[in-house]
Amino acid sequence: MGLFDSLFKPVWMNEKNEDKALRVIEKETDQTKLAEIVQNAPILNVRIAAIKRVTDQTFVANVAKNSNDFEMRIAAIEKVTDQSMIVDIIKDYKSGELGSVNNEQKLMDKHVKMLEKLTDNNLLVDIAKNGKNHRIRAEAADEAIKELNDQELLFDFAIAGNYYVRYRAAEKLIDQSVAQDIFVDIAKNCDSRDLEKKAIDKVTLQTSLADIAKNAKAENACRYAVEKLICQPLLADVAKNTESYLVGNDALKKLTDRALLADAASNAKNEDTRRETTRIIDPQRYQEMLDERKKKQAACKHSWKFKFTSHERNNEDFDLYYDEYECIFCGKYESRYVPNGEMMKR
Ligand SMILES: [Zn+2]
């Protein structure tokens, strides 16, 4: 760049004179000039100062959506007041475009905060349904549901999408049988322990609780459902059909009906549950079973099958590794210390 060019270079183009540039911008009202500064000034603070003085909504909305610099986007977002442009910015936001987790988080929070600027609930519903980012959709739905009584829309939110939003929507459904189905679905499938519990607390039918106890993905949800079960035949059903030893035990603890217990002792799917039931109803038979097993194991010429590797931490804070084997004939377990297993520590 020659001497002539630099003489006519505007002060905001100078990379070394930030203070002077900021003073000039403070007095600048020409929107075209301000837009030019936003696009071309080499110093970030100068660009930010300029965008703060731009009033053209289309221009600030464009920077808010498309700038590669997250600080520019945040400054621009604050200038947008037009409701339909706010909706457009929030809906279009995808996250993960800036490559920095920290900046992306700040930008996400800013977009979520922008939802508060919306005065019409229909706009929140629009974002909740059509936003590109799942967290944005969930936050908008959460906000929209507060003021929402339209049963058809609530149903839409309740049947698909974010589990927390589905829960909130189901709470406002007038049709209780639909709401119950949704609470059961959430209890069985969501992966949040708190939400599982909340959903189970809403479930009123004992048969539904038994369904959750047998079929929920999370063992904690199964166990919490058993806590709420009082119907004896259903408790027996859970004990007999659960794959989980812990859930089976929980159900047995609440089962007092002798006939149902006797049935579970012979017919439970899970061997541990059958044994535990026998211990409760027939301690003598249980002792015999243990003795028989011991005898069988003592006489067995074991054939070991590797099951998994376990580890425990010793006093010196070393992880000790064991390979666990099970005999395919008698079911006996054996742990074998893995020499130098500490080396496996990652
Ligand atoms: Zn064996």
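The C-alpha centres of domain 1 and domain 2 lie 33 Å apart. These belong to a division of the protein chain into domain 1 (149-204), domain 2 (222-299) and domain 3 (300-346), with bounds that come from an automatic or database domain assignment. The model is predicted, and local features need pLDDT of at least 70, side-chain atom pairs count only at pLDDT 80 or more, and totals for chains, interfaces and linings use all residues. Residues are numbered from 1 along each chain as its sequence is written.

We turn to the helices, which, like the strands, are DSSP runs numbered from the N terminus (helices H or I, at least four residues; strands E, at least two). Helix 18 (residues 245-254) has Val247, Gly248, Asp250, Ala251 and Leu252 as its buried residues. Here a residue is buried if 20 or more other C-beta atoms, placed from the backbone, lie within 10 Å of its own, exposed if 12 or fewer, and partly exposed in between. The cover over these residues includes helix 15 (206-215), helix 16 (219-228), helix 17 (232-241) and helix 20 (271-281).

Helix 20 also meets helix 19 (residues 258-267): their axes come within 8 Å and cross at roughly 140°. Axes are lines fitted to C-alpha atoms, for helices over the stretch in contact, and angles run from 0 to 180 degrees between N-to-C directions. The two helices are therefore oblique to each other, the class left once angles under 35 degrees count as roughly parallel, over 145 as roughly antiparallel and 65 to 115 as roughly perpendicular. From helix 19, Arg258, Leu261, Ala262, Ala264 and Ala265 meet Thr273, Arg274, Thr277, Thr278, Ile280 and Ile281 in helix 20.

Thr278 of helix 20 is buried, with 23 other C-beta atoms within 10 Å. Leaving aside neighbours within four places in sequence, Thr278 is in contact (C-beta atoms, placed from the backbone, within 7 Å) with Ala265, Arg285, Tyr286 and Met289. By contrast, 88 Å separates the C-alpha atoms of Thr278 and Lys27, 251 residues apart along the chain.

The strands come next. Strand 1 (residues 304-313) and strand 2 (residues 319-327) pair in the antiparallel sense over nine bridges, where pairing requires that DSSP finds at least two bridges. Thr309 stands opposite Asp323 in strand 2. The two strands form a hairpin with five residues between them, and Asp317 in the turn has a positive phi of about 65°. Strand 2 also runs antiparallel to strand 3 (residues 333-337), joined by five bridges, with Glu324 opposite Ser335 in strand 3. Strand 2 and strand 3 likewise form a hairpin with five residues between them, and Gly331 in the turn has a positive phi of about 80°.

Technical notes: Contact = placed C-beta atoms within 7 Å.
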